[in-house]
Amino acid sequence: MSVPVTPSARNVFVPHAFPEKQVDLGEVVLNYAEAGEPGKPALLLLPEQTGSWWSYEAAMGLLAEHFHVFAVDLRGQGRSTWTPGRYSLDNFGNDLVRFIALAIRRPVVVAGCSSGGVLAAWLSAYALPGQIRGALCEDAPLFAAELAPAHGPGIRQGAGPIFRLYRDYLGDQWSVGDWAGLVAAAQASTATMLSSVKLPEEPPQNLKEYDPEWARVFFEGTVGLHCPHDRMLSQVKAPVLLTQHAHMTDPETGEAIGALSDLQAERAQAIIRAAGVPVDYQSFPEAAHVMHATEPARYAAVLTAWATKLPAA
């Protein structure tokens, strides 16, 4: 029997400004970093797909002025446990329910980017009663991360082309590892999102810390097989802030470029409001997908201003 590749065995990690900690949740050991004083409101940060906690590193010092900040590596990313065959929205979400119970131990504001933003919505819907004060969904691909969404284009019209390359050229647990082949395939692709991006000669640090099985389960639609977004959003119980960043439709190909469409943003808000829950929306059409990394001061200001209006814990 082959021994599964683990993050620690790959020895790819680099030091960061904040010390890293771990908590054993049972199936997985979750890695995280912490900043700020325990007397301040708790804030949980969830990185984007392919991201580790340190994508928030520049924002954490700013946020620590107002919050007790926890930034995590989701299972299959960073130093957290890789779990072949066990990547799903429900497993990711239940890891976080346990993390809040064991590591934070009080009500928390949760803020996630991209896939992490979908998980922020998941927590607002399915976390234990009283755990979540509010959820910021930063450019979250609501509906757009599904294979056959109830509204708008799905994963294969959005991030699908790059996820397919990760699946085929990197492989589950980096079992293929053909980065040069991936770069060549991206350059030859007719997909706008691939042909317009220049990939480096070596895998970037965030991808080195990422299990490409994540990409496969999103591209193949198994990640949310038992968690349709329309049903999840109808169960939301804590206030939500949805931000939408740069997006467009290619006029020549009809290809959707961006995390979610205007229609998907509108439908998400309508479903949450129909559940009787407050939802705010802010558009940043010039912002990068991962605004917390590219514009940390702006991101921290948006999050802080919204969070101060939430009901007290």
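The model is predicted. Helix α4 covers residues 115-126, and eleven of its twelve residues are buried. Helix α4 packs against helix α3 with the axes 10 Å apart, while helix α5 meets both helix α9 and helix α6.

**Helix α4**

- Helix α4 has twelve residues and spans 16 Å from its first C-alpha to its last, close to the 16 Å expected at 1.5 Å a residue.
- The helix is mostly covered.
- Its buried residues begin with Ser115, Gly116, Gly117, Val118 and Leu119, and the list goes on with Ala120, Ala121, Trp122, Leu123, Ser124 and Ala125.

**Helix α3 against helix α4**

- The two helices pack at an angle of about 65°.
- Angles of 65 to 115 degrees count as roughly perpendicular, and α3 and α4 are therefore described as roughly perpendicular to each other.
- Their crossing is right-handed.
- On the α3 side, the contact is made by Leu89, Asp90, Phe92, Gly93, Asn94, Leu96 and Val97.
- On the α4 side, Val118, Leu119, Trp122 and Leu123 take part.
- Sorted by class, this contact has eight nonpolar, two polar and one charged residues.

**Asp90 in helix α3**

- Asp90 sits in helix α3, which runs over residues 89-104.
- Is Asp90 buried or partly exposed? Its relative accessibility is 26%, so Asp90 counts as partly exposed.
- Leaving aside neighbours within four places in sequence, Asp90 is in contact with Trp122, His226 and Cys227.
- Of these partners, Trp122 is also one of the α4 residues in the contact with α3.
- Asp90 and Val223 are 133 residues apart along the chain, yet their C-alpha atoms are separated by 8.4 Å.

**Helix α5 and its two partners**

- Helix α5 (residues 160-170) and helix α9 (residues 213-220) have axes that come within 8 Å and cross at roughly 130°.
- At that angle, α5 and α9 are therefore oblique to each other.
- The crossing of α5 and α9 is left-handed.
- In this contact, Gly160, Phe163, Arg164, Tyr166 and Arg167 of α5 meet Ala215, Arg216, Phe218, Phe219 and Glu220 of α9.
- By class, the contact between α5 and α9 has five nonpolar, one polar and four charged residues.
- With helix α6 (residues 179-188), the axis of α5 comes within 9 Å and the crossing angle is roughly 145°.
- Helix α5 passes α6 in a right-handed crossing.
- Here Leu165, Tyr166, Tyr169 and Leu170 of α5 meet Trp179, Gly181, Leu182, Ala185 and Ala186 of α6.
- The contact of α5 with α6 has eight nonpolar, one polar and no charged residues.
- Tyr166 belongs to the contact with α9 and also to the contact with α6.

**Cys137 in strand β6**

- Cys137 lies in strand β6, residues 132-138.
- With a relative accessibility of 1%, Cys137 counts as buried.
- Which residues does Cys137 contact, leaving aside neighbours within four places in sequence? They are Gly112, Gly117, Ala120, Ala121, Val240, Leu241, Leu242 and Thr243.
- The C-alpha atoms of Cys137 and Val240 are separated by 7.2 Å, although the two residues are 103 residues apart along the chain.

- Gln269 is placed in helix α11, residues 262-274.
- Its relative accessibility of 10% makes Gln269 count as buried.
- Apart from neighbours within four places in sequence, Gln269 is in contact with Leu242, Val279 and Tyr281.
- Leu242 is also listed among the contacts of Cys137.
- Ser80 is found in the loop between β4 (68-72) and α3.
- Ser80 is buried, with a relative accessible area of 0%.
- From Ser80 to Arg298 there are 218 residues in sequence and 29 Å in space, C-alpha to C-alpha.

**Helix α13**

- Helix α13 covers residues 296-307, which makes twelve residues.
- From its first C-alpha to its last, α13 reaches 16 Å, close to the 16 Å expected at 1.5 Å a residue.
- The buried residues of α13 are Pro296, Tyr299, Ala300, Val302, Leu303, Thr304, Trp306 and Ala307.

Technical notes: Residues numbered from 1 in each chain as written. Predicted model: local features only at pLDDT ≥ 70, side-chain atom pairs only at ≥ 80, totals over all residues. Heavy atoms only, no water. Helix = DSSP H or I, 4+ residues; strand = E, 2+ residues; numbered from the N terminus. Expected span 1.5 Å × (residues − 1). Buried < 20%, exposed > 50% of the residue type's maximum accessible area, 1.4 Å probe, protein only. Axes fitted to C-alpha atoms, helices over the stretch in contact; angles between N-to-C directions. Parallel < 35°, antiparallel > 145°, perpendicular 65-115°, else oblique. Left-handed = near helix turned anticlockwise from the far one by under 90°. Contact = heavy atoms within 4.5 Å. Nonpolar A, V, L, I, M, F, W, Y, C, P; charged D, E, K, R; others polar.
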